[in-house]
Amino acid sequence: VVLRSLGKYQEAVDSFWKVVTTEWPTRFQHIEDETLLHLNSTIYQAEKEGKMIDTSKIDPYFIQINPIDIHCTIQWDTDDTCIDLHIIEPSGEKCYYGHNTTSIGGWSTPDYPGCSAHSISMLREYMIKLALPGEYKLGCNYYSNYRQDLTAGTTMWFTVTTNYGTEKATSQTTILRLEQNSTAPTHQSSYTIGTVVFGKSPMIL
């Protein structure tokens with residue numbers, strides 16, 4: 001991402017592809033999902049600026065310049081921790097790990113095979129290519145923390161981007177400190193992050 005921001009598009013694309021093709025430990029499951037988005041948006045940006053990118057080492061199947069209306073991610077700073085991303089779409093349908101595809105095209109990171117409530121990934125993601133106009137309510141549940149130390153909570157970074165992969169892309173990041181966890185969502189473990197109002201007015205966090 002830093003290489004891309006410096007205009008070093010070829011180096012950025014090569015680095016993203018290395019991430020996609022590397023065999024990662026279990027805790028990095030699904031890292032390739034967001035990385036492929038970065039790879040394609042970098043190719044798009046380079047082409048827009050008239051810069052040639054050598055993609056001969058990349059399987060053409062993975063080169064899909066597809067703008068995404070809404071893209072959200074959460075990341076956090078403690079291992080042995082699990083946080084679930086919950087998005088309520090304008091239709092009222094909730095997109096989360098247990099129902100990770102919706103009738104209007106929303107997709108969220110699915111539950112992991114053999115997940116034991118310990119963190120095996122520190123990334124959750126939501127995206128929708130063609131978003132219906134309306135409010136998208138963003139939230140999370142601090143599911144569990146099995147760290148054997150004195151950490152009192154977890155710091156979470158939430159980033160939402162509208163018009164991802166286009167020149168109109170706009171991103172905002174907010175930071176939350178999560179203190180109370182519960183495997184069954186409760187008032188104390190559930191956190192409201194904000195609302196994206198898409199197609200009507202600028203996003204709100």
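Trainee: Why is Tyr-97 called partly exposed?

Mentor: Relative accessible area under 20% means buried, over 50% exposed, and anything in between partly exposed, with a 1.4 Å probe and protein chains only. Tyr-97 has 28%, so the value falls in the middle class. Tyr-96, at 25%, is also partly exposed. Please note that this is a predicted model, in which local features need pLDDT of at least 70 and side-chain atom pairs count only at pLDDT 80 or more, whereas totals for chains, interfaces and linings use all residues. Residues are numbered from 1 along each chain as its sequence is written, and side-chain values use heavy atoms, with hydrogens and water left out.

Trainee: What makes the pair of Tyr-96 and Tyr-97 edge-to-face?

Mentor: A pair of aromatic rings is described by the distance of the centres and the angle of the planes. Rings of Phe, Tyr and Trp (for Trp, the six-membered ring) pair if their centres lie within 6.5 Å; planes under 30 degrees apart are stacked, over 60 edge-to-face, and the rest tilted. For Tyr-96 and Tyr-97 the centres are 5.3 Å apart and the planes stand at 85 degrees, so the pair is edge-to-face.

Trainee: How do you know that the charge of Lys-94 sits over the ring of Tyr-96?

Mentor: The term requires NZ of Lys or CZ of Arg within 6 Å of the ring centre and within 35 degrees of the ring normal. The charged end of Lys-94 is 5.9 Å from the centre of the Tyr-96 ring and is counted as sitting over it.

Trainee: How many aromatic pairs are there in the structure, and which residues form an aromatic cluster?

Mentor: The structure holds three pairs. Trp-17, Tyr-61 and Phe-62 make up one cluster. Within it, the Tyr-61 and Phe-62 rings have centres 5.3 Å apart and planes at 90 degrees, so this pair is edge-to-face. Tyr-61 counts as exposed at 60%, while Phe-62 is partly exposed at 29%.

Trainee: What makes a set of residues a nonpolar core, and which residues touch the most other members of the largest one?

Mentor: The members must be buried Ala, Val, Leu, Ile, Met, Phe, Trp, Tyr or Cys residues joined through side-chain atoms within 4.5 Å. The largest core has 24 residues, among which Ile-70, Tyr-126, Tyr-136, Met-156 and Phe-158 touch the most other members. Strands E1 (68-76), E2 (81-88), E5 (123-128), E6 (134-145), E7 (154-164) and E9 (190-198) each supply at least two of its residues. A second, separate core has 12 residues, including Val-13, Phe-16, Leu-36 and Ala-46.

Trainee: Which residues does Met-156 touch?

Mentor: Contact means heavy atoms within 4.5 Å. Leaving out residues up to four places away in sequence, Met-156 touches several residues, among them Ile-74, Trp-76, Cys-140, Leu-176 and Ile-193.

Trainee: Is Thr-42 buried or exposed, and what joins its side chain to that of Arg-4?

Mentor: Thr-42 lies in helix H3 (residues 31-48) and is buried, at 0%. A polar contact is a pair of N or O atoms within 3.5 Å; within protein, one must be able to donate a hydrogen and the other to accept it, and residues adjacent in sequence count only if both atoms are side-chain atoms. The side chains of Thr-42 and Arg-4 are joined by such a contact, of 3.3 Å. Beyond four places in sequence, Thr-42 also contacts Tyr-9, Ala-12, Val-13 and Phe-16.

Trainee: How many helices and strands does the chain have?

Mentor: Helices (H or I, at least four residues) and strands (E, at least two) are DSSP runs numbered from the N terminus. The chain has three helices and nine strands, running α-α-α-β-β-β-β-β-β-β-β-β from the N terminus. Of its 205 residues, 42% are buried.
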